[in-house]
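I opened this notebook page to record what I looked up in one model. The entries follow the order of my reading.

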Amino acid sequence: MRAKFIVDTNVGRLARWLRMMGYDTLFINPIDDEGLIAIGLKEKRVLLTRDTQIMLRRVVTSGRLKVLLIQDDDPKDQLRQVVRTLKLDQERKFTLCLECNEPLVPRSKEEIQDLVPPYVFKTQSQYVQCPVCHRVYWRGTHWQRMKKELETLFSPFSNFTLSE
Ligand SMILES: [Zn+2]
């Protein structure tokens, strides 16, 4: 499912994970319920929240605004709930800036030479950059770790193998 999201401040940590998976996710802090609902309706975003009060609102009970009530405290369990409930895929992972939610742009080595540490420049050949914050991403250890966490999270045995 190609959903877009807006996360409530009580599940803010979901934003980075969903962006990492390539899902357009807004996280605005501070924001009140009215703001969340207005943006969700206007931009057709699924609202993720732990706030049971929002679930009682007419705009939600009538089905106009799609809301997923998050059950768990742990961000990884929260992510698992979202992925399973909405059947998210991982086909576009690492295509969005984790900080800005902007689509990343491929860059040549020459273009980013002055922006990455020399040892990275020496060892990595593929780079992407955020056009807004100008952060450069490459397939280094951080990338590998996140990829591994995602794989662990969605393996059939993930309930037994979750680390940390
Ligand atoms: Zn950015």
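The entries below go from the chain as a whole to the metal site.

I note that this is a predicted model, in which local features need pLDDT of at least 70, side-chain atom pairs count only at pLDDT 80 or more, and totals for chains, interfaces and linings use all residues. Residues are numbered from 1 along each chain as its sequence is written, and side-chain values use heavy atoms, with hydrogens and water left out.

**Chain.** I counted 9 helices and 7 strands, taken as DSSP runs (helices H or I, at least four residues; strands E, at least two). The C-alpha trace spans about 55 × 40 × 25 Å along its principal axes. Of the 164 residues, 41% are buried, that is, under 20% relative accessible area with a 1.4 Å probe and protein chains only (exposed is over 50%, partly exposed in between). I also looked up contacts (heavy atoms within 4.5 Å): among those between residues at least 6 apart in sequence, 51% join residues at least 24 apart.

**Zinc site.** I found the zinc ion coordinated by SG of C97, C100, C130 and C133, at 2.3 to 2.4 Å. Donors here are N, O and S atoms within 2.8 Å of the metal (3.2 Å for Na, K and Ca). The donor residues follow the spacing C-x2-C-x29-C-x2-C in sequence. Angles among the 4 donor atoms run from 105 to 113°, and the site is tetrahedral, a term that requires all angles of four donors to lie between 85 and 135 degrees.

Are C130 and C133 buried or partly exposed? I record C130 as buried because its relative accessibility is 0%. C133 counts as partly exposed because its value is 28%.

Notes:
Four donors count as tetrahedral if all angles lie between 85 and 135 degrees; four count as square planar and six as octahedral if opposite donors are over 155 degrees apart and all others between 65 and 115; anything else is irregular.
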